[in-house]
Amino acid sequence: MLVLKANREQEDTFRKIIQAMGAQVVWNGRFFVMGDRLILEGVVRSLIFHYDIQKMEVELIDLPEEETEWSIEDIPQLQDLITMTIYVFEKWGILKWIEIGLELGQLNQIFGELLCRYGLEADFSTDQIQFLKAGIRITYEDAIEAALRFESTVGKRLHTQWNGPRLQIPAIGQYQKEDRSDSKAKAATEEIAVRQAGTHLQKHGIGAEQTDTKAAAAGTKPLGQMRDEQAAADRIEKYQARISVLDRLSELQKKALHRDIRNDRLLREEEKSRLLTMIEDYEYERMMQAVDREFSDSKNQTYAYVKKIIKKVEKEDFFEKIKNGILEKLHALERQFGAAEVQKIMEQVPNHVERDAYQELMQKLAPYEAIDISPYKEKLGKMRETLEIKEISNLLVQSPKKTRSDYVALLAQIEEGNFALENAAPYRDRIREWIYEFDEKRIQKLLTNVPAMEFDTASAVYAKIKRESLLPELREFAAGVLSNRLMDIRLKECAQLASKMRQDLAGAVKENERYHFYPAKQLMRSQADPDEMRIINTALSSYAQDREPFEYPVMVMDTSKEGSGSDGMLLTRENLFYSTRMNGYKIRVSSIKSIQVSSGLLNRRLMLEESNGARHKLPYLAEANEMQDWAAVLEKFVRDLQKLPQSALLENLQQELKDASYCERCGCVYHGMDACPQCGLAAGAG
């Protein structure tokens with residue numbers, strides 16, 4: 001880290017920058033140079049110029065106290081390297097309040113002349129700046145330190161060009177460019193800027209070849225004025241002189257020359273093109289000769305070596321034309337050497353090989369991904385076919401084939417044996433037919449006399465089908481047969497229960513359009529009222545989702561304000577569901593102890609009590625004088641439901657299979673594993 005004390009000129013310039021950007025920085029006149037950062041130390045906040053990330057920012061930063069402080073008044077040549085910051089950040093578009101008026105190529109030339117006395121170089125572009133010593137990148141701090149060690153004080157000086165008249169202070173306290181609607185003020189301002197910039201260019205020997213000072217400063221060619229042809233000719237002659245000694249220039253110097261020509265505003269595009277082509281053609285020829293020399297040695301004429309060179313060239317920072325030309329030639333060599341090597345490998349391989357030899361062959365061919373091996377496709381295919389059919393035949397002969405598990409294991413071996421699909425498919429399909437025969441016999445046995453099954457019997461068979469290892473298509477078929485039987489039983493029972501409850505209520509309370517009895521008979525005949533079913537289905541989906549398989553509502557009482565069915569009470573054979581605007585509840589019919597009317601001072605409530613003492617306030621739709629009768633009917637109906645045979649088999653099965661996985665290969669049902677325990681197929685794989 002270096003600490004430098006600014007001179008008076010720098011203090012004035014950088015304070016104007018701080019003021020122009022409206023930064024909350026009170027600068028004490030000291031520079032800290034740390035790595036690739038130039039820091040203007042403030043009382044609280046400091047202004048930081050980041051050379052490495054092309055950024056300027058204000059930060060709270062703790063700077064250590066240093067014993068040594070260098071004064072720029074005592075070492076004036078340091079002013080150039082500090083002032084360089086303004087030129088760099090202006091060209092990066094960060095210091096928007098300053099106009100330097102110099103092109104990128106001109107700045108590269110000036111920076112090079114400033115740094116060469118210290119044995120340094122600079123590579124400056126719109127994207128970055130690099131400081132180099134003997135071709136090795138160094139930091140901005142290293143460059144300043146090199147100048148400190150340099151004893152001589154002779155050198156060119158950069159002077160900041162601050163266009164004062166072009167800035168004004170608006171009422172809000174920020175700086176901005178002035179309104180140039182006044183043509184006289186605009187002309188006067190431009191005249192000052194041109195005069196200052198022209199003087200600066202001439203000081204560095206850059207603008208002497210241009211006769212129009214204003215055009216030189218602004219970097220433009222005024223309309224109606226073509227250019228100084230002698231100056232252009234001299235410029236071209238200088239470039240040609242440098243091109244004539246390209247063989248003596250470093251890579252960095254050649255790139256700088258190329259960039260200078262490309263950015264030169266004095267030359268016409270066709271003149272630039274001719275000069276640039278000379279450089280690129282020279283480099284192209286030089287690089288092509290280097291490639292020819294590299295591969296003239298027979299030991300380098302290998303596919304692996306040319307691929308290595310291709311990767312290296314792809315990372316190099318060559319001119320685009322040269323890079324593309326080299327890569328085109330290298331890829332041609334890659335194909336040439338690769339094809340020859342693949343041919344040699346294939347000529348040495350017999351027609352019939354064992355698996356180890358075949359795998360070794362494929363490993364040898366794997367690196368040649370850029371080579372067309374289609375001429376050998378037929379030979380490779382026949383080799384693999386012969387090898388794999390032999391291996392599969394051995395598996396069939398050696399494997400036991402007595403039980404379903406034997407065939408599942410054999411199928412897994414074939415499907416996971418990395419055999420070609422066309423070779424394994426006939427055997428795989430035949431084994432699956434054998435497994436199908438086993439499962440079909442099992443299904444036929446389970447589905448014997450389904451139409452005569454009672455609910456519990458059908459439920460038990462349904463559970464077996466859901467739990468057993470069966471091929472997916474057979475399980476789906478069998479489950480469908482049992483589902484139809486269970487649905488038929490429950491719908492008929494539901495129809496009887498709905499009719500009974502309707503009759504019980506008819507003698508106790510008035511009819512109410514908000515009472516909806518499940519139209520089971522009409523559903524079986526496809527004659528149900530759509531409006532009625534819409535309300536019932538809304539209740540089922542809103543607060544009675546946690547139902548068992550084949551559990552149907554006997555009655556729905558809709559208490560929703562809009563009459564949609566989203567709130568109220570729903571009674572099934574197994575459960576009583578009810579909801580409020582906030583919550584939904586489920587109560588097992590078997591756990592209901594009583595349903596009574598609770599009389600309060602101000603209101604009456606319909607209360608349900610469970611065997612465990614839990615109490616629920618049920619919604620209801622009945623007049624005050626009917627409340628007691630409504631409660632009595634509901635409690636008696638619940639008592640009748642409690643007398644019906646109860647079974648938790650399907651409820652338990654539903655919970656058991658909630659997170660189950662079904663193997664698509666062998667039909668195994670399993671839990672909590674990443675792969676099928678019978679055949680090894682990954683969970684979720686088809």
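Student: What volume does the second largest pocket have?

Tutor: Please note at the outset that this is a predicted model. The volume of the second largest pocket is about 510 Å³.

Student: Which residues are the closest to the centre of that pocket?

Tutor: The lining of the second largest pocket comprises 19 residues, and the closest to its centre are Asp123, Lys255, Arg259, Arg262 and Asp317.

Student: Which element gives the most to the lining of the second largest pocket?

Tutor: Helix H8 (251-263) does, with 7 residues. At least two lining residues each are supplied by H8, strand S7 (121-124) and strand S8 (129-133).

Student: How do S7 and S8 pair, in the parallel or the antiparallel sense?

Tutor: Let us take the general idea before the case. Strands of a sheet pair through backbone hydrogen bonds, in either a parallel or an antiparallel manner. Here, 4 bridges join S7 and S8 in the antiparallel sense. The two strands form a hairpin, with 4 residues between them. Within this pairing, Asp123 stands opposite Gln130 in S8; Asp123 is also among the residues closest to the centre of the second largest pocket.

Student: In what order do the strands of the open sheet of 5 strands lie?

Tutor: The order is S12-S13-S14-S15-S16, with antiparallel pairing. Strand S12 (515-517) and strand S16 (584-588) are the edge strands, each pairing on one side only. From one strand to the next, the twist averages 15°.

Student: How many bridges join S15 to S16?

Tutor: Strand S15 (residues 575-579) is joined to S16 by 5 bridges, and the two run antiparallel. As an example of residues facing one another, Leu576 stands opposite Ile587 in S16.

Student: Which helix packs on the sheet and touches S12, S13, S14, S15 and S16?

Tutor: That is helix H19 (residues 530-543), whose direction makes about 90° with that of strand S13 (553-558). Helix H20 (residues 627-643) lies across S13 and S14, and runs at about 30° to S14.

Student: Which residues touch the most other members of the largest nonpolar core?

Tutor: The general idea is that nonpolar side chains tend to be buried together in soluble globular proteins. In this model, the largest nonpolar core has 52 residues, of which Phe31 and Phe111 touch the most other members. Helix H2 (residues 78-91) gives the most to this core, namely 8 residues. There is also a second, separate core of 40 residues, including Met453, Ala458, Ile536 and Ala539.

Terms used
Residues numbered from 1 in each chain as written. Predicted model: local features only at pLDDT ≥ 70, side-chain atom pairs only at ≥ 80, totals over all residues. Heavy atoms only, no water. Core = buried A, V, L, I, M, F, W, Y, C linked by side-chain atoms within 4.5 Å. Buried < 20%, exposed > 50% of the residue type's maximum accessible area, 1.4 Å probe, protein only. Pairing = 2+ DSSP bridges. Axes fitted to C-alpha atoms, helices over the stretch in contact; angles between N-to-C directions. Contact = heavy atoms within 4.5 Å. 1 Å grid on protein atoms, 1.4 Å probe; cavity = no way out; pocket = protein on both sides within 12 Å on 5 of 7 lines; lining within 4 Å. Points joined across faces, edges and corners; volume = space filled by probe spheres on them.
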